[in-house]
Amino acid sequence: MNSSNAAAGTLRQVGHFVDGRPLPGSSGRYGHVFNPSLGVATAQVAMASRAEVVAAVDSAARALPAWASTSPLTRARVMFRFKELVERHADELSLLIASEHGKVLSDARGSLQRGLECVEFACGIPHLLKGEFSDNVATGIDLYSMRQPLGVVAGITPFNFPAMVPMWMFPIAIAAGNTFILKPSEKDPGCPMRLAELMLEAGAPPGVLNVVNGDKEAVDALLDDSRVRAVSFVGSTPIARYIYVRCAEQGKRVQALGGAKNHLIVMPDADIDLTVDALMGAAYGSAGERCMAISVAVPVTERTASELVEALTPRVRALKVGSSIDAASEMGPLVTGEHRDKVRSYIDIGEQEGARVVVDGRNHVVAGHENGFFLGGTLLDRVTASMRVYREEIFGPVLAVVHANSFDEALALPSEHEFGNGVSIFTRNGDVARNFTQKVEVGMVGINVPIPVPLSFHTFGGWKASLFGDTNQHGPEGVRFYTRIKTVTSRWREGVAPGPQFGMPIMK
Ligand code: NAD
């Protein structure tokens with residue numbers, strides 16, 4: 001991302017969305033938003049200053065008392081209207097995602113749908129906020145607990161899901177009675193800005209959802225504002241760790257989801273055609289820019305490895321790489337030229353480390369889109385656990401094949417890896433699948449399913465360096481994250497004066 005103090009020029013301008021209206025940026029700092037299929041900058045996004053973030057927190061704090069005291073049913077009805085509006089604008093939003101991120105339109109539409117599922121979950125907030133009640137725990141005494149909103153909360157999101165990841169967060173937070181500040185990725189801010197406009201149209205009062213665009217300066221301003229009670233972060237591991245530590249120091253509630261290196265174990269009894277189909281979508285869909293992408297295939301036994309690599313090779317070569325808005329494309333470009341170059345450099349590193357480059361996507365050119373940020377699908381065989389291409393997250397269309405001689409060796413690879421987001425096993429043997437599921441040190445597991453992303457009414461989160469904090473995203477954990485529990489002991493008994501009691505109260 002190029003940042004500059006340059007004048008606005010002719011590019012579309014993306015500012016902030018504060019207090020129910022668009023707010024042009026005033027910091028004088030901008031970044032570029034690209035159309036990755038064309039390789040040209042299409043918009044200039046404002047980088048918020050500390051003062052602009054404070055104005056957004058002011059707005060959220062002003063909106064909080066009235067919003068927190070509306071009934072959960074009223075808030076659910078806003079979510080129902082928001083869901084309808086997003087559905088009505090799905091084509092426009094998908095096109096925005098495809099043209100700023102680079103994922104193909106069908107994938108953009110699918111990611112929007114996965115976000116909408118969280119809105120549907122949030123529509124159930126009256127039920128989700130029901131507390132607990134114990135009648136007559138002692139004579140005339142009732143005990144109950146309720147979940148109350150935290151206040152002003154913030155979400156900081158990555159480039160790879162500009163609709164879905166923000167929708168993991170703000171629908172549940174807002175339905176639970178909080179007001180929200182979203183700091184989306186500066187690489188593709190168009191869709192999050194439209195979502196904020198649609199929330200206003202759905203009936204969320206000004207200030208309930210604010211969007212500030214920006215970089216580290218905006219993030220730090222959110223982390224340092226004592227009125228921001230909780231921070232939900234999704235992005236790379238170094239930043240997740242930083243957010244977690246800085247929030248924890250200040251006593252803020254925090255969930256910080258980081259990077260991934262997801263393995264797919266191929267047992268000797270796996271159906272190879274099914275496995276290859278699964279790997280094609282999971283490794284190369286969205287150009288590998290998914291936190292649940294499969295980036296490592298682990299065939300068990302040399303025979304399985306040869307069969308797998310032989311079946312994969314022609315499929316990777318035949319991958320249709322093209323513009324994100326071309327219906328024939330199976331894979332679009334990388335998000336920026338900078339990121340494309342970083343992914344390409346990893347293929348160089350893999351080659352230098354001794355991996356066999358079976359399919360080389362480094363010099364892939366898409367006719368008519370010569371300046372686009374494209375790479376072809378890449379297949380690296382004979383990768384070993386000590387190589388950087390195995391240890392580090394590449395976040396691109398590069399699949400590494402690591403050979404294992406036994407189930408135990410295969411189980412150890414994801415279990416001992418720094419990251420623990422997702423993992424998958426392909427087998428026909430139920431005992432093997434169950435054993436693997438029980439033992440593997442990873443947060444989300446797929447059995448004959450390549451991208452095991454849980455639905456909105458379950459929760460999403462990895463282990464180890466893939467998540468810092470105690471609660472996952474969405475589902476019941478999302479409700480717990482955005483609320484705090486209050487427990488009340490009450491006596492309503494007419495005409496009884498118990499008199500002073502100096503011992504520890506006990507229930508009779
Ligand atoms: P990133 O960490 O670079 O950026 C994420 C957010 O942090 C952005 O809003 C960005 O503006 C902000 N940020 C960047 N540098 C910062 C700094 N120094 N200080 C404070 N804030 C900063 O991540 P990305 O490149 O946008 O997204 C890709 C990463 O996100 C990958 O590592 C991917 O695995 C991860 N991801 C994880 C999940 C998950 O659920 N675990 C989901 C999606 C993406």
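Student: What do buried, partly exposed and exposed mean here?
Tutor: Buried means under 20% relative accessible area, exposed means over 50%, and partly exposed lies in between, using a 1.4 Å probe and protein chains only. This is a predicted model, where local features need pLDDT of at least 70 and side-chain atom pairs count only at pLDDT 80 or more, while totals for chains, interfaces and linings use all residues. Residues are numbered from 1 along each chain as its sequence is written, and side-chain values use heavy atoms, leaving out hydrogens and water.

Student: Okay, how many salt bridges are there?
Tutor: The whole structure has 29 salt bridges, each being a side-chain nitrogen of Lys or Arg within 4 Å of a carboxyl oxygen of Asp or Glu.

Student: What does Arg12 pair with?
Tutor: Arg12 pairs with Glu100, and their closest N and O atoms are 2.8 Å apart. Arg12 belongs to strand E2 (residues 12-14) and Glu100 to helix H3 (residues 90-101), so this pair ties together parts 88 residues apart in sequence. Helices (H or I, at least four residues) and strands (E, at least two) are DSSP runs, numbered from the N terminus.

Student: And is Glu100 buried or exposed?
Tutor: Glu100 is buried, at 2% relative accessible area, whereas Arg12 is partly exposed at 39%.

Student: Switching topic, where do Asp341 and Arg344 lie?
Tutor: Both lie in helix H12 (residues 337-353), 3 residues apart, which is about one turn of the helix. Asp341 is partly exposed at 38%, and Arg344 is partly exposed at 25%.

Student: Which residues do shared partners join into one network?
Tutor: Salt bridges with shared partners join Arg50, Lys216, Asp220, Asp224 and Arg246.
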